[in-house]
Structure formats: structure tokens, C-alpha cells
Amino acid sequence: MKIRDIFAEHEVTLSFEIFPPKTDAGFAAVEECAHQIAALEPSFMSITYGAGGGTSANTAKLAAKLQDEYNTNVMAHLTCVSSDRVFVKERLHEYKTRGIENIMALRGDLPKDGQLSPDYSHAIELIQDIKKFYPEACIGGACYPEGHVECERQSEDIQHLKEKVDAGLDFLTTQMFFDNNILYNFLYRIREQGIMVPVVAGIMPITNKKQVARSVALSGASIPQRFRTMVDRFGDDPQKMTQAGVIYATEQIIDLISNGVTHIHVYSMNKPEIAAGIQASLSHIIDK
Ligand code: FAD
């Protein structure tokens with residue numbers, strides 16, 4: 001089912017992200033995690049894509065398996081900055097042939113070796129190609145409540161976002177954030193600029209101390225004092241940190257839904273127990 005139709009039918013949705021294995025040898029273990037998350041009956045699951053296209057075959061394979069064998073709505077990610085148009089066209093053909101209707105269209109992080117695509121500089125060009133080669137697809141794009149790390153002025157970032165949405169996005173999913181007020185301010189600013197597509201809040205449950213530094217380095221997300229205090233108190237005990245992290249994420253989600261941000265995507269990091277913990281706390285709140 002297309003995600004835009006899921007949003008039209010359900011006011012409140014909860015979805016989960018997983019990442020595919022880097023090697024074929026790891027496929028069965030990831031499939032088992034994905035299966036356990038699918039058993040929670042999320043609104044949909046998204047499957048990420050290796051920046052250089054290295055895991056592209058596993059993204060499509062896992063998405064198709066979840067859809068066909070576990071009856072789950074799926075979205076496959078696709079990046080473009082390390083690929084040429086021929087390769088992207090082949091990936092789109094594969095998604096279409098496998099019946100994958102939802103695509104998260106991304107530029108991808110700039111490769112460290114500086115080797116850029118001859119055909120793509122930004123996600124907007126990928127969106128234009130999806131519209132050309134697979135026009136029926138439902139397309140999501142990324143947005144950054146605290147601004148994308150490469151863009152100095154948030155007003156410029158929002159201008160680029162507007163162009164990206166106008167190129168044909170059906171919805172946006174946010175980068176992780178740990179302070180809901182940052183999202184509320186962002187929503188105010190983008191709505192003022194005429195960006196009216198649904199915005200899905202991306203929530204990262206932090207369940208170990210090391211993840212904090214890694215997540216901040218990757219996303220540039222700021223860390224509220226309340227969060228720092230929690231990590232300071234529980235960070236050295238994995239069980240306590242997991243429980244505290246799941247509760248923090250769940251409280252964030254409840255505040256979001258209470259304030260009208262009703263589509264929630266959890267970066268579940270291939271951890272079924274974390275997805276299950278969040279889902280259980282929201283079981284009466286999420287539309288089935
Ligand atoms: P773009 O929209 O192209 O934006 C990138 C930068 O370029 C921004 O600073 C923007 O302001 C600027 N820009 C955009 N258009 C223009 C223009 N016309 N002129 C000048 N500047 C412009 N990465 C992966 O490798 N695999 C994944 O599966 C993956 N999934 C993700 C899912 C989500 C929800 C999010 C938020 C991110 C994900 N990423 C993933 C990371 C993403 O690839 C990086 O954040 C990347 O650096 C930017 O991708 P983008 O699609 O937002 O790029």
C-alpha cells in the first residue's frame with residue numbers, strides 16, 4: 001500500500017526503520033529481526049540503503065520479503081550521490097518489478113573519496129528521475145528540523161526543501177531530534193513557506209551511551225539537559241539505559257501526538273525489543 005494512502009486512512013501511525021546487512025552472510029539474522037518487528041504490525045517499515053549503493057541488492061530483497069512473506073507495507077530507501085543515472089534506473093526497475101511502491105529519495109552523504117556522481121548533486125534530481133522512470137511510486141524525502149549540517153542558513157535549507165517537495169514528494173521524514181520544541185518551530189517555518197505535505201517525525205531511541213556521541217556526530221542533533229542527565233545517571237548500565245531510552249522516546253512520541261504530529265517513524269536500529277517496548281506503550285493510541 002502507498003504511504004500517502006496509509007496517511008489518508010489513519011490519523012495516527014507508527015512505523016519502524018531497519019538497515020540491511022552489509023554482506024549476504026548477515027542476511028538471515030537481519031531478516032529475523034525484521035520479521036519480529038513486522039509481527040508488531042507497524043503502519044509500514046522502511047529499509048535503508050548503503051550510501052555508495054553497496055547494500056542495494058539487500059535493500060530491495062529485504063523490502064520484497066517483508067512485503068510478500070510478512071504482509072508488511074514497506075518503503076525502500078535509494079541514494080544517488082555515488083551512482084550514475086543508469087544504475088539508478090536499474091534500481092527503480094527492480095523496485096517496480098518487485099512491487100515496492102514507496103521510495104525514500106535521498107542524496108546520501110558525500111563520499112569521503114570525493115568521487116561524485118556525474119548525474120546527481122542533490123536529492124531533487126533523483127526525485128525528478130523517479131517521476132520520469134517510475135511515476136506511480138509514492139516518494140518520501142528527508143528534512144532536518146535543526147538544518148542540514150552542510151547548510152549554514154536554515155532559511156536556505158528550507159528553500160531547497162520547498163523545491164524538493166515541489167518536484168514531487170508525497171511526504172517528508174525528519175532527521176532525529178531530542179527536543180520536540182525544535183520540531184514545532186521547524187513545522188511553523190516550513191508551513192509558512194508553503195510546504196504542506198505530511199511530516200513524519202523521526203525518533204531515535206537512545207539505548208546506550210556510545211550511541212549518543214555517534215548520533216550527534218551523524219545528525220548534528222542538539223541534546224537537551226534532561227537527556228544528558230538521564231545518560232549520566234543510567235549510561236553505564238545497559239539494562240537501565242535501554243529502559244530509560246525507550247521511556248524517553250515514548251514520552252517524546254506522546255507529546256508529539258498530543259500536539260498534532262501524528263505520524264511517527266522510529267529508528268529501531270534492528271532491535272525488535274526496542275520497537276516492541278515503544279509499540280506496547282502506544283498500543284491504544286496508534287490507529288490499527
Ligand atoms: P538534499 O535534499 O540534496 O540536501 C543536501 C544538502 O544540499 C542540504 O544542505 C540542502 O540544503 C542542500 N541543497 C539541496 N538542494 C540544493 C540545491 N539545489 N542547491 C544547493 N544546495 C542544495 N543516507 C543513506 O546513505 N542511506 C539512507 O538510507 C538514508 N536514510 C535517511 C533517512 C532519513 C529520514 C534522513 C533524514 C536521512 C537519511 N540518510 C540516509 C542521510 C542522508 O543521505 C544525508 O543526510 C545527506 O547528507 C542528505 O540527503 P538529502 O536527501 O537530505 O539531500
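## Second largest pocket

In the classes used here, Ala, Val, Leu, Ile, Met, Phe, Trp, Tyr, Cys and Pro count as nonpolar, Asp, Glu, Lys and Arg as charged, and the others, Gly among them, as polar. Sorted in this way, the lining of the second largest pocket in this predicted model comprises seven nonpolar, six polar and three charged residues.

The volume of the second largest pocket comes to about 250 Å³. Its lining is made up of 16 residues, and those closest to the centre of the pocket are Glu 41, Pro 42, Ser 43, Asn 73 and Lys 288.

## Ligand surroundings

Around the ligand there are 22 residues, of which Tyr 49, Asp 109, Tyr 144, Asp 157 and Lys 164 are the closest. Tyr 49 takes part through its backbone, where a polar atom is 2.7 Å from a nitrogen atom of the ligand, while Tyr 144 takes part through its side chain, a polar atom of which lies 2.7 Å from an oxygen atom of the ligand. Gly 108 also has a polar backbone atom at 3.1 Å from a ligand oxygen atom. Of the 980 Å² that the ligand exposes when taken alone, the protein buries 84%.

## Cysteines

The structure contains zero disulfides. Cys 80 counts as buried because its relative accessibility is 0%.

Cys 151 is likewise in no disulfide, and the nearest cysteine sulfur, that of Cys 143, is 14 Å away. With a relative accessible area of 19%, Cys 151 is also classed as buried, because the cut-off for that class is under 20%.

Key
Residues are numbered from 1 along each chain as its sequence is written. This is a predicted model: local features need pLDDT of at least 70, side-chain atom pairs count only at pLDDT 80 or more; totals for chains, interfaces and linings use all residues. Side-chain values use heavy atoms; hydrogens and water are left out. On a 1 Å grid over the protein atoms alone, a cavity is a set of points where a 1.4 Å probe fits but cannot get out, and a pocket is an open set with protein on both sides within 12 Å along at least five of seven lines; lining residues have an atom within 4 Å of a point. Grid points are joined across faces, edges and corners, and a volume is the space filled by probe spheres set on the points. A disulfide is a pair of cysteine sulfur atoms within 2.5 Å. Buried means under 20% relative accessible area, exposed over 50%, partly exposed in between (1.4 Å probe, protein chains only). A residue is near a molecule or strand if one of its heavy atoms lies within 4 Å of it. A polar contact is a pair of N or O atoms within 3.5 Å; within protein, one must be able to donate a hydrogen and the other to accept it, and residues adjacent in sequence count only if both atoms are side-chain atoms. Accessible areas come from the Shrake-Rupley method with a 1.4 Å probe; for residues, only the protein chains shown count as cover.
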